[in-house]
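Have a look at the model below before you read my notes.

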Amino acid sequence: MSRMGFDTTWIGWIMKCVESVSFFVLVNGTPTGYIQPSRGIRQGDPLSLYLFILCSEVLSHLLTNASTVNRLRGMKISSTGPTINHLLFADDALFFCNAHQISCSTIMRILKEYEHVSGQAVNLHKSAITFGSRVKPEVKTRLRIILNIHNDGGYGRYLGLREQIGRIKIEVFDFIVKQVQQRTQGWTTKFLSQAGKEILIKTVALTLPVYTMNCFKLPKGPCDDINRLLAQYWWSNGPDKRSMHWLSWKRMTLPKQEGGLGFRDIESFNMAMLGKQAWRILQSPNSLLSRLLRGRYFASTSLLNAETGTKPSFI
């Protein structure tokens, strides 16, 4: 299917062929009543996932076609990197464009066409918009009216991470420490054996910061705080009771065959997760992430020889 000649008519035909199943209710083993749902496919229906992906693919093609004919200008973070105008993840969509009336009008036209053929409407009240630092206030006002989005973005969280990271990194990742603290404080009221504590620490507490550690290198402060909370929970005998730490947490992180208990050291595990991302970049040089980082940081060299560069992001 060509991206240039993509048409949305056929997706409308497909959606018209989708019908909800009718069913009866068993009362004392006897079918009673007749129920015909009128609000579409029920939540959790296996078919809804495939339909959602199909509709999202249509939206992606529409945005790509608009970029091809220069009706939608995306964003570039480097002169040699790729241009991005949208990113889709589950039921969230991120749109990128320059602060121009034509690009914003094109996005609204595509969204209205997508709503018409798919039946899915964009909740503008839950949507947010983020402008660059060089966009003038009068331009922001004009574009807000076109997009009908008046919420400011950049101050919340997306997938559990801050949308913007400032200079003080310890405060940015303090929420991970609070999550571990809340979990361990809730567990102190339970009477568990040391084996039960070991399972909770390894399967729950140590997995809370995994997604964040996939993207960022945590400062040493939050890593030490998490290790301290886990050590306190391991040696405590109950809530608000301080106990003697008979072994250092560093010794506890050793493998069991070396005298430890196999707990993960947060800082070392963080470096291992980032090393895995670097390996993916080396093995998949044509992926979107690889092309973005290569164009921004190591366009004329390799990842292993890349330097920090000017004005780098925290990632």
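**Notes on the model**

1. Let's start with one side chain: K202 is partly exposed, as its relative accessible area is 28%. Here buried means under 20% relative accessible area, exposed means over 50%, and partly exposed is in between (1.4 Å probe, protein chains only). K202 forms a salt bridge with E198, and their closest N and O atoms are 2.8 Å apart. A salt bridge, by the rule used here, is a side-chain nitrogen of Lys or Arg within 4 Å of a carboxyl oxygen of Asp or Glu. E198 is on the buried side of the cut-off, with a relative accessible area of 14%. K202 and E198 are four residues apart in helix α7 (residues 194–203), so about one helical turn separates them. K256 belongs here too: E198, K202 and K256 are linked in a network of salt bridges.

2. Before going on, some ground rules. This is a predicted model: local features need pLDDT of at least 70, side-chain atom pairs count only at pLDDT 80 or more, and totals for chains, interfaces and linings use all residues. Residues are numbered from 1 along each chain as its sequence is written, and side-chain values use heavy atoms, with hydrogens and water left out.

3. How confident is the predictor? pLDDT is its confidence in each residue, on a scale from 0 to 100. The chain has a mean pLDDT of 82, and 89% of its residues reach 70 or more. Be careful with residues 1–6, where pLDDT stays under 50. For that stretch the model has 10 contacts beyond four places in sequence, a contact being heavy atoms within 4.5 Å.

4. Now the overall picture. The chain has 12 helices and six strands; helices (H or I, at least four residues) and strands (E, at least two) are DSSP runs, numbered from the N terminus. Of its 315 residues, 31% count as buried. Among contacts between residues at least 6 apart in sequence, 56% join residues at least 24 apart. The chain exposes about 21100 Å², and carbon and sulfur atoms supply 55% of that. Those areas come from the Shrake-Rupley method with a 1.4 Å probe; for residues, only the protein chains shown count as cover.

5. Back to charges. Side chains of opposite charge can pair when their charged atoms come close. The salt-bridge rule gives a count of eight for this model. One of them joins E113 and R109, with the closest N and O atoms 3.9 Å apart. Both residues lie in helix α3 (residues 101–118), four residues apart, about one turn of the helix. E113 is partly exposed at 29%, and R109 is partly exposed at 46%.

6. Helix α9 is worth a stop. R228 and D225 meet there in a salt bridge (3.7 Å, N to O), and they sit three residues apart in α9, about one turn of the helix. R228 is partly exposed at 40%, and D225 is partly exposed at 28%. Is L230 buried or exposed? L230 has 0% relative accessibility, so it counts as buried. L230 also lies in α9 (residues 220–235). Leaving out residues up to four places away in sequence, L230 touches V180, T184, I201, A205, L206 and W249.

7. Strand β1 (residues 23–27) and strand β2 (residues 30–35) pair in the antiparallel sense over four bridges; strands count as paired if DSSP finds at least two bridges between them. F23 is in β1, and its bridge partner in β2 is I35. Two residues lie between β1 and β2, and N28 in the turn has a positive phi of about 55 degrees. Strand β3 (residues 86–89) and strand β4 (residues 92–95) also pair in the antiparallel sense over four bridges, with H86 partnered by F95. That hairpin has two residues between the strands, and A90 takes a positive phi near 55 degrees.

8. Finally, the surface. V21, F23, V25, V27 and I35 form a nonpolar patch with about 400 Å² of accessible area together. Patches are made of residues with over 30% relative accessible area and no salt bridge: like charges are joined within 9 Å, nonpolar side chains (Val, Leu, Ile, Met, Phe, Trp, Tyr) within 5 Å. Strand β1 gives the largest share of the nonpolar patch, three residues. F23 is partly exposed, with a relative accessible area of 37%.

Notes. pLDDT is the predictor's confidence in each residue, from 0 to 100.
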